[in-house]
Amino acid sequence: MSTVAKTGFEKKGFGATLWDWMTTVDHKKIGIMYLLGGGFFFILGGIEALFIRWQLLKPQNDFVTAGTFNDLLTMHGTTMIFLAAMPMLFGFMNAIVPLQIGARDVAFPFLNSLGFWLFMLGGLFLNASWLFGQVPDAGWTSYASLSLASDGHGIDFYAIGLQIAGAGTLMAGINFLVTIINMRAPGMTYMRMPLFTWTTFIASAMILFAFPPLTVGLFFLTFDRMFGGAFFDPALGGNTIIWEHIFWIFGHPEVYILILPAFGIFSEIFATFSRKRLFGYASMVFATVLIGFLGFMVWAHHMFTVGLGPTANAIFAVATMAIAVPTGVKIFNWLLTIWGGSIKVTTPMLYALGFIPSFVMGGVTGVMQGSAPLDYQLHDSYFIVAHFHYVIVGGVVLGILAGTHYWWPKMFGTMLSETLGKITFFFFFVGFHMTFFIQHWLGFWGMPRRVWTYMDGQGWNVANAISTVGAISMGIGILVLIINAIMTTVKNEPVANDAWEDGRTLEWALPSPPPFYNFPQTPLVRGLDTVWIEKQEGNEKMYTPAEPLKDIHMPNGSILPFVMTLGLVIAGFGAMFRLEHTWGLPVLIGGIALVFLAMALRSVRDDHGFYVPKHLIAEDQQKYEEGGHR
Amino acid sequence: METNERFTKETWPAHPETATLEGKNKFLGFWLFLGGETILFATLFGTYLALRNSGPSGYEFTTQNLFDLKLVFAMTLLLLTSSLTSVYAIYHLRNYNFRGVQFWMAMTALLGTGFLMFELYEFVHYVKLGFTFGSSAFSSAFFTLVGTHGLHVAVGLVWVTLLILRNAKRGLNLYNAPKYYTFSLYWHFIDVVWVFIFTVVYLMGVIS
């Protein structure tokens with residue numbers, strides 16, 4: 001027992017720094033880890049996409065085998081949705097939401113760390129399938145009739161890997177809900193919350209209700225494949241359509257879980273760089289809630305051709321089209337925010353401006369498919385591929401790239417190069433439309449999706465070649481972004497608190513990057529865009545404290561989240577090899593035991609956190625004022 | 001308020017479980033978690049209803065010839081009573097009576113163990129009859145739904161045992177009060193799920 005109490009200001013060597021990141025419960029560090037982890041999987045999924053496009057460059061290409069092509073398209077979809085898009089959004093949520101509401105940390109810092117490690121190790125587990133040469137190959141939807149017939153352990157990697165990563169997502173969802181409900185600073189009423197916080201709130205609520213069905217569905221799949229279950233086996237009375245329902249009851253809300261935070265990012269960017277209050281704030285909030293609700297009512301539009309009958313199809317078609325209404329409200333609000341604003345076309349703003357037409361196109365094709373009779377024509381064609389890439393890339397990925405540029409100074413304390421940022425935007429945006437616009441026509445011309453190759457003379461050659469060139473252009477864009485990130489990190493030129501000079505929300509009142517305790521004194525929120533209000537009144541500090549300076553209570557770090565996750569991964573390998581190796585069962589039991597042991601340890605060991613004494617905070621703040629932190 | 005501060009009956013807050021920010025967060029977070037659990041069980045119930053009595057051609061087991069309501073009635077009594085005893089424990093928690101909390105939590109654990117024993121007996125009995133996990137879609141769905149509930153009971157038993165042992169020597173404070181309280185929430189939830197299992201699986205199974 002050391003006699004010197006922990007203060008949080010201790011200096012650290014390399015080993016201790018590594019340990020610090022492994023055990024951290026600081027939402028800002030976890031946010032950075034989510035962003036980097038998600039970025040890693042984004043690059044991996046991107047490489048898979050390039051392989052897919054290279055194979056389809058010309059008719060009867062033999063760049064990869066048919067089996068590998070199935071592996072690639074399955075892993076591309078799974079990786080991008082679960083391991084790239086969602087974690088990167090979680091990165092922003094973690095890094096920014098507690099700052100936006102003036103909180104010291106999230107409600108459950110330990111769970112936050114656990115959620116990150118579950119995502120990271122679950123994702124690595126899933127991708128370990130490449131090393132074993134047994135890769136999931138039943139598509140990211142993994143329909144039971146396909147996945148039960150798949151040889152090897154590919155689908156087992158899918159089921160267990162997603163189970164682990166999905167548990168982490170559920171924890172993150174609950175965590176953000178409680179943080180936003182319980183830990184808002186004084187004066188931060190619900191109708192003063194920044195839009196990014198609002199969309200995080202609704203997306204988290206959707207996670208809470210959408211992920212348990214996925215958990216159950218993956219368990220059914222695991223049982224059927226590894227433990228002799230009969231849920232999806234028609235010979236034993238099972239029913240494969242149950243998987244489709246369960247998957248889409250999760251899967252459709254999932255796309256709104258992805259797009260809503262992206263909407264939030266764009267809302268912040270439009271207001272900031274139009275230097276105007278967001279138009280129609282209340283209707284924006286209402287539209288977000290409505291999209292969140294309707295998102296649960298439309299899952300069967302993925303199953304129009306299953307044969308649920310005209311009544312079911314009609315109901316789900318109408319519900320699907322209804323979602324276009326709140327989405328339209330949002331689009332018009334963004335347009336009217338720009339209207340008459342004093343616009344600064346920065347890189348984030350460029351992405352936001354590019355997002356509107358791109359996403360509207362994806363939305364319109366969505367309504368087309370929502371019409372059940374037309375869907376019978378479009379189903380399983382490249383038109384579908386074009387549509388969902390227009391909403392996911394044109395909405396979510398543009399949002400993530402915009403957020404990366406917008407919040408980079410806040411997260412890392414230095415500014416990404418605007419020139420390189422605009423070059424990235426150019427390559428990515430042009431490449432994106434080049435890749436996917438033509439695919440609408442490929443669909444009309446009858447090219448089915450998920451095919452390994454195609455015959456010459458069907459009129460698809462040129463379109464496919466254009467699409468591949470576009471994909472390469474997107475790859476160049478991302479490459480420039482990586483160079484940009486490395487260059488600015490090496491240069492590491494410090495930026496001011498309000499790095500864009502037009503910040504409206506509380507995160508911009510803090511140093512970049514903020515100290516580990518965030519606000520030295522909890523801020524008083526005086527209205528929507530409280531920092532903007534303070535700046536208008538000439539307050540250089542950009543926020544009004546709501547309390548005197550006092551000792552700050554902070555949570556302790558812990559290695560247990562990592563240990564628990566490791567236990568789950570070990571158990572996963574055990575479960576998978578149980579039937580062919582005798583060591584499988586003991587490893588499965590050992591892994592589970594490790595998880596429960598870590599849980600019990602967490603339960604019986606008291607963790608009261610520690611206090612940062614106020615004189616040290618005052619000294620630290622003094623240093624910031626003198627610029628001594630650089 | 002300090003989490004390890006000592007209290008007397010007079011200074012003990014009326015709602016110790018939500019007296020600290022940590023307690024408030026746990027309270028709300030756990031309610032939300034139970035919301036997610038509700039969806040999880042709803043999915044299991046939906047699947048069970050879809051696959052009930054569905055097996056390979058000539059499958060002998062149906063809900064009518066399999067279930068025995070007498071056994072299930074005894075289980076129901078045990079679990080419902082254990083929910084009542086956990087209410088007593090929370091009553092004593094509010095009144096700063098630590099011995100009362102420990103005693104009634106122990107009773108809850110005892111009754112829960114009794115329930116679990118019956119369930120194990122029931123499962124072993126079915127397997128002996130040939131109604132094994134993989135024999136049909138019906139049996140897979142049945143064992144998964146009822147077994148998931150049983151697993152929740154088992155986890156709850158370990159949890160409450162650790163709580164009782166860990167806090168045996170130090171009494172109540174604002175650090176462990178939310179822990180006892182969230183356990184009782186969890187236990188009530190398990191109880192409510194059982195009411196639905198009793199109705200949907202057993203009662204509707206035998207009557208319909």
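Is Asp529(A) buried or exposed, counting C-beta neighbours inside 10 Å? Asp529(A) counts as buried, because 23 C-beta neighbours lie inside 10 Å. The cut-offs are these: a residue is buried with 20 or more other C-beta atoms within 10 Å of its own, exposed with 12 or fewer, and partly exposed in between, with C-beta atoms placed from the backbone.

## Basis

This is a predicted model: local features need pLDDT of at least 70, side-chain atom pairs count only at pLDDT 80 or more, and totals for chains, interfaces and linings use all residues. Residues are numbered from 1 along each chain as its sequence is written, while chains are lettered from A and ligands numbered from 1 in the order in which they are written.

## Backbone exceptions in chain A

Most residues other than glycine have a negative phi, and most peptide bonds are trans. Asp529(A) is not a glycine, yet its phi is positive, about 55°. Asp529(A) sits in the loop between β1 (523-524) and α17 (530-536). Helices (H or I, at least four residues) and strands (E, at least two) are DSSP runs, numbered from the N terminus.

Met542(A) also has a positive phi, near 70°. Its loop runs between α17 and β2 (544-545) of chain A. Met542(A) is partly exposed, with 19 other C-beta atoms within 10 Å. The peptide bond from Ser512(A) to Pro513(A) is cis, with omega near -10°. Pro513(A) lies between α16 (461-491) and β1.

## Nonpolar core

A nonpolar core is a set of buried Ala, Val, Leu, Ile, Met, Phe, Trp, Tyr and Cys residues joined through C-beta atoms within 7 Å. The largest has 227 residues; Ala85(A) and Phe266(A) touch the most other members. Its largest share, 21 residues, comes from α7(A).

Beyond neighbours within four places in sequence, Ala85(A) is in contact with Met80(A), Leu258(A), Val396(A) and Ile400(A). Contact means that C-beta atoms, placed from the backbone, lie within 7 Å.

## Chain A against chain B

In all, 32 residues of chain A are in contact with 32 residues of chain B. On the chain A side, α7(A) gives the largest share, seven residues. By class, that side has 21 nonpolar, nine polar and two charged residues. Here Ala, Val, Leu, Ile, Met, Phe, Trp, Tyr, Cys and Pro count as nonpolar, Asp, Glu, Lys and Arg as charged, and the others, Gly among them, as polar.

## Helix α4 of chain B

Buried residues of α4(B) include Trp104(B), Phe115(B) and Glu119(B). The buried residues pack against α2 (63-66), α3 (69-94), α5 (137-167) and α6 (177-207) of chain B. Gly130(B) follows α4(B), with a positive phi near 105°.

Methods. Contact = placed C-beta atoms within 7 Å.
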